Amino acid sequence: MADLWMPGATRADVGDHAPCDTQYPPKAIAHITWDRNATAASPADLVPYANLKVYFTGAGRPVAPHILWDPFEGRFAQFYPANSRSKSLADASGGTRTNRAGKVVIQVEALFFPYCRYGGKVYPRLVDTPRKGWDQLHAWVKSWGVPDAWPMGRPVDFVSRRSDSVWETRGGWYGHSQVPENSHQDPGSWPDFPVKEDDMPSAEEIADAVWAKQLASPTAPTGTDPNRSAGTFLRWGDQHHREVMTRLAAVEEELAALKAQK
């Protein structure tokens with residue numbers, strides 16, 4: 001069974017637990033704390049992690065998430081167990097119960113605002129941070145059945161995109177900007193799902209799959225082709241071998257880029 005409390009997180013239970021609406025698919029919600037409004041011309045110091053932890057156990061308890069994540073140092077505080085709803089989403093009366101609409105609805109507040117300054121460096125986007133602890137956080141959320149998917153698209157800006165029907169029917173990760181009944185536009189960006197090298201197909205497997213597809217192509221010379229000859233087939237094979245090798249080189253470059261991101 002998955003852990004109710006994320007391993008390695010500081011437990012700061014605020015009580016007030018309540019069940020989720022388990023008839024809906026499991027979800028995770030990505031937020032940023034957005035404590036200050038800064039700009040490229042006027043950056044601001046990051047609010048200390050300890051301040052946010054105190055806030056969510058005190059005055060901010062009515063809007064506390066499950067997890068406060070510090071992407072600069074890899075620290076976590078957890079305020080609700082995974083199987084309880086938390087309260088970081090607006091929830092209008094009579095509509096979908098946003099904070100509960102899933103087998104789990106795990107809400108994550110990343111300690112971040114655009115153009116925050118930390119350690120003397122300015123960070124325009126969350127994905128520009130060191131993203132420390134993301135692999136551990138992702139693994140814990142995934143252990144609760146939340147699929148590696150962004151049903152409304154992975155956030156890349158602060159534009160709101162919302163769909164009641166998608167929200168009701170599809171599990172995965174949602175930005176605060178993608179949840180019905182809410183007006184916030186965060187997180188603006190979010191780390192991609194970790195890719196384990198063991199999960200990647202080898203170059204040989206990719207080449208075999210592409211070659212098999214090419215051999216099954218209707219353009220391949222067949223025994224019913226009146227113009228078929230050994231030379232025709234060999235020339236066709238040489239041509240497609242070159243195409244496969246070109247595609248394989250491109251795939252290898254993509255694999256190398258993915259490994260470099262880890």
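Buried means under 20% relative accessible area, exposed means over 50%, and partly exposed lies in between, for a 1.4 Å probe and protein chains only. Keep that rule at hand for the exercises below.

This is a predicted model, where local features need pLDDT of at least 70, side-chain atom pairs count only at pLDDT 80 or more, and totals for chains, interfaces and linings use all residues. Residues are numbered from 1 along each chain as its sequence is written, and side-chain values use heavy atoms, with hydrogens and water left out.

**Exercise 1. Placing a proline**

Task: Find out whether proline 26 is buried or exposed, and which residues proline 26 is in contact with beyond its neighbours within four places in sequence.

Solution: 
- Step 1. Proline 26 has 11% relative accessibility, so proline 26 counts as buried.
- Step 2. Locate proline 26: it sits in the loop between β1 (10-11) and β2 (27-32). Helices (H or I, at least four residues) and strands (E, at least two) are DSSP runs, numbered from the N terminus.
- Step 3. List the contacts, meaning heavy atoms within 4.5 Å. Leaving aside neighbours within four places in sequence, proline 26 touches Lys103, Val104, Trp144, Gly145, Val146, Pro147, Gly171 and Gly172.
- Step 4. Look along the chain as well: isoleucine 106 is 80 residues apart from proline 26, with 8.4 Å between the two C-alpha atoms.

**Exercise 2. Checking cysteines**

Task: State how many disulfides a search of the whole structure finds, and whether cysteine 20 and cysteine 116 are buried or exposed.

Solution: 
- Step 1. A disulfide is a pair of cysteine sulfur atoms within 2.5 Å. The search of the whole structure gives zero of them.
- Step 2. Cysteine 20 counts as buried because its relative accessibility is 9%.
- Step 3. Cysteine 116 counts as buried too, at 0%.

**Exercise 3. Pairing charges**

Task: Work out which residue forms a salt bridge with arginine 154, and why that pair ties together parts of the chain.

Solution: 
- Step 1. A salt bridge here is a side-chain nitrogen of Lys or Arg within 4 Å of a carboxyl oxygen of Asp or Glu. By this rule the count is nine.
- Step 2. Arginine 125 is partly exposed at 45%, and aspartate 128 is partly exposed at 27%.
- Step 3. Another salt bridge joins lysine 142 to aspartate 148, at 3.1 Å from N to O.
- Step 4. Now the pair in the task: arginine 154 forms its salt bridge with aspartate 192, the closest N and O atoms being 3.8 Å apart. Arginine 154 lies in the loop between α2 (134-143) and α3 (164-169), and aspartate 192 in the loop between β9 (172-175) and α4 (203-215), so the pair ties together parts 38 residues apart in sequence.

**Exercise 4. Reading a helix**

Task: Decide which residues of α2 are buried, and what they pack against.

Solution: 
- Step 1. The buried residues in α2 are Trp134, Leu137, His138, Trp140 and Val141.
- Step 2. They share the same side of α2, because their arc around the axis is only 165°. The arc is that of the directions from the helix axis to the C-beta atoms.
- Step 3. These buried residues pack against β2, β4 (67-70), β5 (75-78), β6 (105-110) and β9.
- Step 4. Just after α2, glycine 145 takes a positive phi of about 90°.

**Exercise 5. Core and sheet**

Task: Name the residues that touch the most other members of the largest nonpolar core, and give the order of the strands in the open sheet.

Solution: 
- Step 1. A nonpolar core is a set of buried Ala, Val, Leu, Ile, Met, Phe, Trp, Tyr and Cys residues joined through side-chain atoms within 4.5 Å.
- Step 2. The largest core has 45 residues, and Trp69, Phe79, Leu137, Trp173 and Trp190 touch the most other members. Its largest share, four residues, comes from α2.
- Step 3. Two strands pair if DSSP finds at least two bridges between them. Six strands form the open sheet in the order β1-β5-β4-β6-β2-β9, with mixed pairing.
- Step 4. β1 and β9 stand at the edges with a single partner strand each, so one side of each has no neighbour in the sheet.
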